[in-house]
Amino acid sequence: MNKTSGKKLNTSRYGRVSTKRKFDEEFDTVLRESSEQINEALGLSPKGHNFSLETDNLTMRNGKNHGYCIGDMVWAKTGKYPVWPGIIISDPESNKFFKKENNGSNMLHIYYCNDAYRRNWIKLSQVFDFSSKNQILAEFPRTTTQISRSKLKIKWHRAVDEAECLAGMNRDNRISEFFTNNFLPNVNVPLLDNSEVNTLLNKSTKDQTLNSDTIQEARSTPNVNTCIKSTKSKKQNVNQKKSTLIVQQDEMSSKEHPRKLIPELCKLFYTNGWVTGTGGGISIKLNDKIFIAPSGVQKERIESEDIFVQDIDGQDIEVPPIEKHLSKSQCTPIFMCSFSERNAGAVIHVHSQEIVKLCLLNPENEIRIRDLEIIKGVFNEEKSKFYDNDEEVIIPIIENSKYEKDLVHTFMIALKKYPQTSAVLVRNHGMYVWGKDWKLAKTQCECYIYAFNIMIFKKLNNL
Ligand SMILES: [Zn+2]
């Protein structure tokens, strides 16, 4: 592999290919023509750049001949990180995939495979043609040592698997697939049809008004990226080629995306005294993805990128940036019990003092709440309805263990023995509470802790 990025191999079975290759010539033509068509469809000046590829990108590619283009698969090496596979896609803020720094450095914008939202500008000299795993390991022998930590090793190999899969696709499908894999957890990305031209333009729609005749918004859920599909305009020439645009906007446009909700709720729980001393946690299910807060961190300072995502089988889908050295919540095995056994949509684990105090006052293996209006906010899972205020809520208490994962066995027994319950207390420790969604889990947690306070007051005052 040639490390001098300006002098690339002429052929490659992976993403980057020589500019002499016919495919690239066609690709350039496609980009220009599509850009013109889109401008025309939007009523913009053909020479305008309101909705076109940046001229720099095109001229830069041909004029300066650095040889890379949007959609190319590459290897990138930054700092102490192992060499990592990625794909060249425009920076969503500047809408450029190439720039020249004041110091003269040529920079490319790269999104990394299987590395949860990691992207950056990287010097051209640190970007290498995509090649096989064996080739890159021979080229960068320290990689084997760098990925010796088991978690990183698994992540690296998954990233390479993803990259190799993407590299086997044509350029436009590859970009679409990459966003599907990494950025669009719940969006049906418009499938590219087999028309002659399918062009993906990565362009922010900020400050733009889209013509509804020609552009239809294909946002399947309100909480993630926006996909905009360009349909054939009646005004367009019959020979025009159909274009598909996928416009990336900020992910998680909804405030209720788990990546936004979890940091927000953890901050609230910290204020409530529910997750003091880095304890406790929360997990939210969205379709087939389980979002989980990290373990042992300042819960009020969790950021969106710190969230782990796994599937229902426990397979990691997205993980936080490596440099943050985060680990998944220790409560994960219990969270998963609630998801699988109770079809929960969200599970909260709190370490509030009220729970510990109440368990101290109550040596039994269950808590009985009655004569409180607040229990109307508690859901009876067996009867699939909220409790009436003249009913009794019974919550099991299981004994604590050295590690959270060791609670699974007794937690499962409690679920079976108390089919109506939506919470399990852990003596001297805290509580797990769940609901069909995060709102119900949170509401019930509030109701339980309110009731526990009253019960403590009653016990201490012999009422
Ligand atoms: Zn705990």
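**Close-up views of a predicted model**

Buried residues make up 41% of the 463 residues in the protein; a residue is buried if 20 or more other C-beta atoms, placed from the backbone, lie within 10 Å of its own, exposed if 12 or fewer, and partly exposed in between. The model is predicted, and local features need pLDDT of at least 70, side-chain atom pairs count only at pLDDT 80 or more, and totals for chains, interfaces and linings use all residues. Residues are numbered from 1 along each chain as its sequence is written.

**View 1. Overall make-up of the protein.** The secondary structure consists of 11 helices and 19 strands. Helices (H or I, at least four residues) and strands (E, at least two) are DSSP runs, numbered from the N terminus. Of the contacts with a separation of 6 or more, 64% are between residues 24 or more positions apart; two residues are in contact if their C-beta atoms, placed from the backbone, lie within 7 Å.

**View 2. Strand E4 and its pairing partners.** Strand E4 spans residues 106–112 and is mostly covered, with 5 of its 7 residues buried. Two strands pair if DSSP finds at least two bridges between them. Strand E2 (residues 84–88) runs antiparallel to E4 and is joined to it by 3 bridges; here Ile88 stands opposite Ile110. Strand E3 (residues 98–100) also pairs with E4 in the antiparallel sense, over 3 bridges, and Phe98 faces Leu108 across this pairing. Between E3 and E4 the hairpin has 5 residues, and Gly104 takes a positive phi near 95 degrees. Strand E5 (residues 119–123) is antiparallel to E4, with 5 bridges; Lys123 in E5 is the bridge partner of Met107.

**View 3. The open sheet of 9 strands.** The strand order is E12-E11-E10-E9-E13-E19-E18-E17-E14, and the pairing is mixed. Strand E12 (316–318) and strand E14 (366–369) are the edge strands, each pairing on one side only. On average, neighbouring strands of this sheet are turned by 25 degrees against each other, direction ignored. Axes are lines fitted to C-alpha atoms, for helices over the stretch in contact, and angles run from 0 to 180 degrees between N-to-C directions. Within the sheet, strand E9 (residues 281–286) and strand E10 (residues 289–292) form an antiparallel pair over 4 bridges, in which Ser283 stands opposite Ile292.

**View 4. Helix H8 against the sheet.** Helix H8 (residues 332–342) lies across E9, E10, strand E13 (346–350) and strand E19 (430–435), and runs at about 35 degrees to E19. Its buried residues are Thr332, Ile334, Phe335, Met336, Cys337 and Ser338. Their cover includes E9, E10, E13, helix H10 (408–417) and E19. Asn343 follows H8 and has a positive phi, near 55 degrees.

**View 5. Packing of H8 with H10.** The two helices pack at an angle of about 25 degrees, with their axes 10 Å apart. H8 is therefore roughly parallel to H10; angles under 35 degrees count as roughly parallel, over 145 as roughly antiparallel, 65 to 115 as roughly perpendicular and the rest as oblique. The crossing of H8 and H10 is right-handed, meaning that the near helix is turned clockwise from the far one by less than a right angle. On the H8 side the contact is made by Pro333, Ile334, Cys337, Glu341 and Arg342, and on the H10 side by Val408, Phe411, Met412 and Leu415. By class, this contact has 7 nonpolar, no polar and 2 charged residues; Ala, Val, Leu, Ile, Met, Phe, Trp, Tyr, Cys and Pro count as nonpolar, Asp, Glu, Lys and Arg as charged, and the others, Gly among them, as polar.
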